[in-house]
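Subject: Structure handover

Hello,

Here is the structure we talked about, for you to open alongside this email. My notes follow below it.

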Amino acid sequence: MSEAYNGYIDTTLGTFVSGWAADFTDLGRAVEVEVYVNGQLGAVAPANRYRQDLRDRGVGDGCHAFETVLPSGSVIAPELEISARVRNSEFQLNCGTGKST
């Protein structure tokens, strides 16, 4: 893997956003994820929640998922652009499912 980071936004529903992010140079460390709505910071969440599919794929111990709720008034709608990045990096999370199929 050429990038140190990898991750995905898996779900956006109402004001709820979830996914996963990891630093593959240090899988023992949980990264923080910044979630943006139309380019404005909406929330910061630690990517430290357990997911079995991440563990099964070798993403450390599987504790690299995040969930967050955006502030009220940020209800996710088709006209809104949701993006996320690993805090203190330029890595933008991929959109779509990061779950194994």
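Cys63 is partly exposed, because its relative accessible area is 26%; on this scale buried means under 20% relative accessible area, exposed over 50%, and partly exposed anything in between, with a 1.4 Å probe and protein chains only. Cys95 counts as exposed, at 57% relative accessibility. The number of disulfides is zero, a disulfide being a pair of cysteine sulfur atoms within 2.5 Å.

Before the rest, some notes on the source. This is a predicted model, in which local features need pLDDT of at least 70 and side-chain atom pairs count only at pLDDT 80 or more, while totals for chains, interfaces and linings use all residues. Residues are numbered from 1 along each chain as its sequence is written, and side-chain values use heavy atoms, with hydrogens and water left out.

Overall layout

The protein chain contains one helix and eight strands. Helices (H or I, at least four residues) and strands (E, at least two) are DSSP runs, numbered from the N terminus. Their pattern along the sequence is β-β-β-β-β-α-β-β-β. Of the 101 residues in the protein chain, 42% are buried. The chain exposes about 5600 Å², and carbon and sulfur atoms supply 46% of that area; accessible areas come from the Shrake-Rupley method with a 1.4 Å probe, and for residues only the protein chains shown count as cover. Among contacts in the chain with a separation of 6 or more, 58% are between residues 24 or more positions apart, where contact means heavy atoms within 4.5 Å.

Five strands make up an open sheet with mixed pairing, in the order 5-6-2-1-8. Strand 5 (49-50) and strand 8 are the edge strands, each pairing on one side only. Two strands are taken to pair if DSSP finds at least two bridges between them. As background, strands of a sheet pair through backbone hydrogen bonds, either parallel or antiparallel.

Strand 1 (residues 5-13) pairs with strand 2 (residues 16-23) in the antiparallel sense, over eight bridges. Leu13 has Phe16 in strand 2 as its bridge partner. The two strands form a hairpin with two residues between them, and Gly14 in the turn has a positive phi of about 65°.

Strand 1 also pairs with strand 8 (residues 94-95), in the parallel sense and over two bridges. Here the bridge partner of Ile9 is Cys95 in strand 8, the exposed cysteine mentioned above.

Strand 5 and strand 6 pair in the antiparallel sense over two bridges, with Arg49 opposite Ala65 in strand 6.

His64

His64 is in strand 6 (residues 63-69). It counts as buried because its relative accessibility is 1%. Leaving aside residues up to four places away in sequence, the residues that His64 touches include Trp20, Leu27, Arg29, Arg49, Leu54 and Val59.

Salt bridges

There are seven salt bridges, each defined as a side-chain nitrogen of Lys or Arg within 4 Å of a carboxyl oxygen of Asp or Glu. Three of them are described here.

Asp10 forms a salt bridge with Arg51, and the closest N and O atoms are 2.7 Å apart. Asp10 lies in strand 1 and Arg51 in the loop between strand 5 and helix 1 (52-56), so this pair ties together parts that are 41 residues apart in sequence. Both Asp10 and Arg51 are buried.

Glu34 forms a salt bridge with Arg87, with the closest N and O atoms 3.3 Å apart. This pair links distant parts of the chain, 53 residues apart: Glu34 is in strand 3 (residues 32-37), and Arg87 is in the loop between strand 7 (82-86) and strand 8. Glu34 counts as buried at 7% relative accessibility, whereas Arg87 counts as partly exposed at 31%.

Arg49 forms a salt bridge with Glu67, with the closest N and O atoms 3.4 Å apart. Since Arg49 lies in strand 5 and Glu67 in strand 6, the pair ties together parts that are 18 residues apart in sequence. Arg49 is partly exposed, with a relative accessible area of 42%, and Glu67 counts as partly exposed at 40% relative accessibility. Elsewhere, salt bridges that share partners join Glu32, Glu34, Arg85 and Arg87 into one network.

Regards
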